[in-house]
Amino acid sequence: MHLSSVKDKTATAHRADIAALNYKMDSEPSFLRTLFSLILVSSLLDSVLSEVDACPDTKTGLESLLPSTMSIQNASIESVYGIMFDAGSTGTRIHIYSFTQKYSDQLPELEREIFESVKPGLSAYADLPEQGAETIRGLLEVAKNAVPSSHWRKTPVVLKATAGLRLLPEKKALALLSEVKDILEESPFLVPDNSVSIMNGTYEGILAWITVNFLTGQLYSQSKQTVGILDLGGASTQITFLPQSEETLEQSPLDFITSFKMFHTTYKLYTHSYLGLGLKAARLATLGALGTGAVDKQVFRSSCLPRNMESMWQFGGVSYRYGGIENGESGFKSCYAEVLRVVAGKLHRVDEMKESTFYAFSYYYDRAADTNLIDYDTGGILEVRDFERKAIEVTSGCARLFYFLFVITWKALLPVAHSSAWTSVTSLPY
Ligand SMILES: Nc1nc2c(ncn2[C@@H]2O[C@H](COP(=O)(O)OP(=O)(O)O)[C@@H](O)[C@H]2O)c(=O)[nH]1
Ligand SMILES: [Ca+2]
């Protein structure tokens with residue numbers, strides 16, 4: 001099964017009837033923008049999120065994650081606003097949404113989204129929580145300009161952190177969140193209880209799956225041919241799909257299967273977030289630099305890099321020197337073996353994925369576009385083996401820094417590393 005995919009390059013706001021939820025990819029080319037918005041808006045509803053339980057066979061209130069619940073606390077027939085921070089491992093992004101509700105008995109429509117981002121992410125300020133929280137203050141200024149002052153006090157603001165903070169020692173993560181909460185509370189916006197937290201990896205996967213499948217029309221179609229999702233972030237990677245085979249349900253680890261009820265249907269999803277196997281965290285592990293902190297003058301070497309290459313790289317607020325192995329091995333084969341050691345024993349593979357269709361985004365998209373596997377503007381359809389082919393190509397070519405990044409991207413696909421699996425690479429535009 002093929003799916004076309006698009007990348008919405010329009011940075012400008014568009015009108016999208018998210019209430020109707022009847023997007024078809026052909027008829028709504030900018031649906032991907034809406035897609036990410038939905039994930040985030042769903043997350044705005046913290047009370048709802050707290051009902052989602054990752055335990056197997058738990059019925060949840062996920063119906064209420066749908067836009068029908070977006071008439072949050074400040075609903076009226078005028079515009080309503082919501083502010084969502086996505087505190088990712090590589091950057092913090094603010095999404096400011098406005099909705100309109102023409103008639104009080106109708107659902108609100110997404111009218112506009114304003115987006116801004118800063119780098120690095122909060123986790124880079126693990127030892128400087130106040131400074132980290134200041135990055136939020138800057139983004140809140142954008143929100144103050146976007147939301148009319150008459151609406152500030154009724155506009156909820158929520159921050160969800162992902163894998164960067166999950167990887168930090170709890171004390172440091174909590175210190176950051178507490179500073180951030182203080183900054184939000186100093187702002188003129190509405191700060192609901194529990195508005196600043198770390199989102200668990202299972203929610204992250206489920207929300208992305210729900211959103212993609214709503215927007216592709218699968219959840220309310222008769223056939224319910226849902227698609228899986230693959231999200232490759234900086235510090236974690238999520239895979240979520242609806243198993244068709246009993247074998248998958250029976251043979252998967254218990255905590256990979258999550259049940260929830262939505263629209264009178266119970267979904268049993270396979271979902272897992274691999275913490276530490278995001279693109280950047282996996283690269284650190286391959287370099288042997290994970291958890292070493294700032295090591296002065298040490299150069300972390302890998303056969304994934306050209307022999308004579310040496311450079312600096314930053315992740316999570318730490319600078320690393322890294323380079324190739326002079327007079328040593330270099331190239332795809334040895335690089336592959338190195339990366340294999342990092343993922344060995346950590347990945348769960350399921351046979352039925354061979355036949356499945358996935359939507360892949362984040363670094364899957366970025367790297368595929370960077371290496372011309374897909375068009376940056378329109379996305380494309382790929383098979384896992386296309387990533388592999390490209391990895392071989394760039395590692396055996398001239399000294400391209402890319403290739404290190406690339407092999408990891410490909411390895412990170414291993415949860416679905418059956419080369420016949422179709423992957424529709426899509427982008428969630430900024
Ligand atoms: N298109 C788009 N991509 C995003 C957005 N936010 C994050 N990304 C992508 O996510 C990747 C970075 O992951 P990040 O969220 O920082 O790390 P995580 O905490 O491990 O999920 C990059 O590929 C980004 O391009 C967004 O709002 N839109
Ligand atoms: Ca992310």
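Predicted model: local features only at pLDDT ≥ 70, side-chain atom pairs only at ≥ 80, totals over all residues.
Local features need pLDDT of at least 70 and side-chain atom pairs count only at pLDDT 80 or more, whereas totals for chains, interfaces and linings use all residues. Residues are numbered from 1 along each chain as its sequence is written, and side-chain values use heavy atoms, with hydrogens and water left out.

Helices (H or I, at least four residues) and strands (E, at least two) are DSSP runs, numbered from the N terminus. The axes of helix H3 (residues 129-146) and helix H5 (residues 170-186) come within 8 Å and cross at roughly 35°; axes are lines fitted to C-alpha atoms over the stretch in contact, with angles from 0 to 180 degrees between N-to-C directions. The contact (heavy atoms within 4.5 Å) involves residues including Ile136 and Leu140 of H3 and Val180 and Ile183 of H5.

Strand S7 (residues 236-241) is largely enclosed by the rest of the structure, because six of its six residues are buried, that is, under 20% relative accessible area with a 1.4 Å probe and protein chains only. Ser236, Gln238 and Thr240 point one way from S7, and Thr237, Ile239 and Phe241 the other way. Pairing requires at least two DSSP bridges between two strands. S7 pairs in the antiparallel sense with strand S6 (residues 228-232) over four bridges and with strand S9 (residues 265-275) over six bridges. Asp231 stands opposite Gln238, and Leu275 in S9 is the bridge partner of Ser236.

In helix H10 (residues 363-370), six of eight residues are buried, among them Tyr364 and Arg367.

Terms used:
Chains lettered and ligands numbered in written order. Buried < 20%, exposed > 50% of the residue type's maximum accessible area, 1.4 Å probe, protein only.
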